[in-house]
Amino acid sequence: MKAVQYRTVGSAPEVVEVPVPEPGPGQVLLKVTAAGLCHSDLAVMSWPQEQFPYPLPMTLGHEGVGTVAGLGSGVTGVTEGDEVAVYGPWGCGLCRACAEGRENCCPRAAGLGIMPPGLGSPGALAEYMVVDSPRHLVALNGLDPAQAAPLTDAGLTPYHAIRASLPKLVPGSTAVVVGVGGLGHIAVQLLRALTPARVVALDVSKEKLELARAVGAHETLLSDGEAAARVRELTDGVGAEVVLDFVGAEATLAAAAASVAVAGDVTVVGIGGGTLAVGFGGGLPFEVSVCAPYWGSRRELIEVLELARQGLVSSHIETYSIEDAPLAYERLHSGEVGGRAVVLPHG
């Protein structure tokens with residue numbers, strides 16, 4: 001089968017031929033119908049040799065959906081032919097966090113060598129993949145695979161972040177979305193679907209600001225040195241109750257700190273390498289909470305997919321063949337992808 005692998009540190013991903021995997025006891029084989037590409041893939045492929053934590057070669061892709069094609073011994077709950085989405089942040093399945101469906105918070109996974117697909121384990125950018133347990137599958141129930149694949153991360157991660165701030169997103173509040181890319185354009189839709197807040201989108205790209213407006217942003221602002229001041233103007237000097245930074249660079253975090261209201265939330269989702277000083281008198285308004293969320297729970301993925309079925313959330317996608325996956329990564333790296341790039345391994 002064809003697979004997209006990162007094979008050597010510092011090299012571009014390659015399309016290679018590898019054997020179709022066999023599901024072991026308790027595992028599920030999927031025929032992959034769609035796989036999303038993420039900026040975090042690019043971040044992983046930028047790490048130097050001395051910091052690289054995963055075995056190579058590694059099949060990429062942590063956003064995947066597919067059709068159940070085979071079952072290992074002992075598997076129950078799914079049958080061949082089921083169309084499913086893959087829940088990516090795999091945990092041990094036994095600790096308190098996992099028992100609550102919060103495998104993204106599993107404290108034992110790293111120590112046990114459990115890694116997400118595409119981020120240590122073989123991922124979804126292949127014609128077939130093995131999922132370690134049926135508990136990591138969620139039924140599509142009629143959703144289009146190409147639309148659903150990005151929701152497993154680009155939908156789940158902002159949903160998880162926004163849910164934590166829902167008590168502050170009351171009528172008359174303001175939420176700022178910094179960066180309207182793969183995650184940010186879905187975050188705008190989630191804010192509109194879940195809250196009465198005014199949604200303000202910031203980006204350096206006019207095209208992405210147009211996308212933000214198209215998917216529901218009330219206001220769009222260029223993300224420059226004056227952005228925070230304009231947010232203050234829009235909020236009569238109060239600031240935004242919630243700022244979600246999907247870039248995470250020094251400049252955007254500085255703008256987030258300057259935009260947030262007293263007792264507001266700054267949520268750092270992007271992995272742009274910036275840092276935000278937190279401490280009394282450190283520049284943030286009083287009682288601001290700062291969070292760096294990781295993915296989301298299994299329950300939250302079920303809820304995101306249900307929002308998609310109701311037509312409240314959709315992915316703005318560009319589709320590629322598996323042979324063109326390296327090109328898709330190049331376009332993602334250069335900022336040419338509007339929304340999310342999705343690979344269709346079987347055409």
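Where is the place of Ser315, and between which helix and strand? Please take its surroundings from there.

Modeller: First, the ground rules. This is a predicted model, in which local features need pLDDT of at least 70 and side-chain atom pairs count only at pLDDT 80 or more, while totals for chains, interfaces and linings use all residues. Residues are numbered from 1 along each chain as its sequence is written, and side-chain values use heavy atoms, with hydrogens and water left out.

Ser315 sits in the loop between helix 9 (298–309) and strand 15 (317–321). Helices (H or I, at least four residues) and strands (E, at least two) are DSSP runs, numbered from the N terminus. Ser315 counts as buried because its relative accessibility is 5%. Buried means under 20% relative accessible area, with a 1.4 Å probe and protein chains only.

Now the neighbours. Leaving aside residues up to four places away in sequence, Ser315 touches Gln147, Pro150, Leu151, His185 and Ile186. Contact means heavy atoms within 4.5 Å.

Leu151 leads on to helix 4. The helix has a kink of about 50°, centred on Leu151. The bend is the angle between axes fitted to the seven residues ending at a residue and the seven starting there. Helix 4 covers residues 145–165. Its 21 residues should span 30 Å at 1.5 Å a residue, and the end C-alpha atoms are 29 Å apart, which agrees. The expected span is 1.5 Å times one less than the number of residues. Helix 4 is mostly covered, with 17 of its 21 residues buried.

Notes: Buried < 20%, exposed > 50% of the residue type's maximum accessible area, 1.4 Å probe, protein only.
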